[in-house]
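Here is a briefing on one protein chain. Keep the sequence and the structure open while you read.

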Amino acid sequence: MRTGAGGRHDDAWYDQDAGPVVRPYAMTRGRTQPIRGQFDLISLVVARWPVPQRADLTPEQSEILASCRRPLSVAEIAAALDLPVGTVRVLLGDLLEAGLIDTHEPPVLDAPSEDLLEAVLAGLRAL
């Protein structure tokens with residue numbers, strides 16, 4: 001950090017246009033886990049429409065609802081909001097609890113059998 005005139009730290013990274021800086025834990029009220037739902041990175045989220053006007057939504061939750069008119073993955077939502085995935089998961093849990101979103105989890109696939117893996121390995125060795 002640079003020191004400016006009068007011995008004060010120069011906070012050049014912050015300007016008036018940036019607005020208030022809110023830490024992710026403040027957005028989630030200190031929670032690190034969602035109330036409901038697991039929210040894998042590739043889970044799809046879609047807003048239920050029409051979205052009722054609610055005064056209790058945070059700006060981030062409102063933005064999630066607006067962007068999820070079409071299905072988006074949790075990773076895409078986090079990237080669009082420029083927020084950590086953990087924070088987005090907590091916000092999504094609140095929206096799911098309120099009945100404002102639907103989620104579609106990725107299918108759980110069975111692991112391949114040991115015989116199949118051995119056959120693939122044998123085929124690779126034969127190359």
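Val-88 is buried, with a relative accessible area of 0%. Val-88 sits in helix H4. The model is predicted.

**Val-88 and its surroundings**

- Beyond residues up to four places away in sequence, Val-88 touches Val-74, Ile-77, Ala-78, Leu-81 and Leu-83.

- In soluble globular proteins, nonpolar side chains tend to be buried together.
- Leu-92 is in contact with Phe-39, Val-45, Ile-64, Val-74, Ile-77 and Ile-101, once neighbours within four places in sequence are set aside.

**Helix packing: H3 with H4**

- Two packed helices are described by the angle between their axes and the distance between the axes.
- H3 packs against H4 at an angle of about 110°, and their axes are 9 Å apart. Angles of 65 to 115 degrees count as roughly perpendicular, so H3 is roughly perpendicular to H4.
- On the H3 side, the contact uses Val-74, Ile-77, Ala-78 and Leu-81. On the H4 side, Val-85, Val-88, Arg-89 and Leu-92 take part.
- By class, this contact of H3 with H4 has seven nonpolar residues, one charged residue and no polar ones.

**Helix packing: H2 with H4**

- Helix H2 (residues 59–67) and helix H4 (residues 85–97) have axes that come within 10 Å. The two axes cross at roughly 75°. H2 and H4 are therefore roughly perpendicular to each other.
- H2 contributes Glu-60, Gln-61, Ile-64 and Leu-65 to the contact. H4 contributes Leu-91, Leu-92, Asp-94 and Leu-95.
- The residues of this contact of H2 with H4 divide into five nonpolar, one polar and two charged.

**Ala-80 on H3**

- Is Ala-80 buried or exposed? Ala-80 is exposed, with a relative accessible area of 55%.
- Ala-80 lies in helix H3. Ala-80 and Ile-64 are 16 residues apart in sequence. Their C-alpha atoms are 9.0 Å apart in space.

**The salt bridge**

- By the rule used here, the count of salt bridges comes to one.
- Asp-102 pairs with Arg-48, and the closest N and O atoms are 2.7 Å apart.
- Asp-102 is partly exposed, with a relative accessible area of 28%. Arg-48 is partly exposed too, with a relative accessible area of 41%.

**Backbone points to check**

- The peptide bond from Trp-49 to Pro-50 is cis, with omega near -5°. Pro-50 lies in the loop between S1 and H2.
- Asp-82 is not a glycine, yet it has a positive phi of about 55°. Asp-82 lies in the loop between H3 and H4.
- At 69% relative accessibility, Asp-82 counts as exposed. The cut-off for that class is over 50%.

**The chain as a whole**

- The chain has five helices and three strands. Along the sequence, they follow the pattern α-β-α-β-α-α-β-α.
- Of the 127 residues of the chain, 26% count as buried.
- Among contacts between residues at least 6 apart in sequence, 68% join residues at least 24 apart.

Notes. Residues are numbered from 1 along each chain as its sequence is written. This is a predicted model: local features need pLDDT of at least 70, side-chain atom pairs count only at pLDDT 80 or more; totals for chains, interfaces and linings use all residues. Side-chain values use heavy atoms; hydrogens and water are left out. Axes are lines fitted to C-alpha atoms, for helices over the stretch in contact, and angles run from 0 to 180 degrees between N-to-C directions. Helices (H or I, at least four residues) and strands (E, at least two) are DSSP runs, numbered from the N terminus. Angles under 35 degrees count as roughly parallel, over 145 as roughly antiparallel, 65 to 115 as roughly perpendicular and the rest as oblique. Contact means heavy atoms within 4.5 Å. Ala, Val, Leu, Ile, Met, Phe, Trp, Tyr, Cys and Pro count as nonpolar, Asp, Glu, Lys and Arg as charged, and the others, Gly among them, as polar. A salt bridge is a side-chain nitrogen of Lys or Arg within 4 Å of a carboxyl oxygen of Asp or Glu. Buried means under 20% relative accessible area, exposed over 50%, partly exposed in between (1.4 Å probe, protein chains only).
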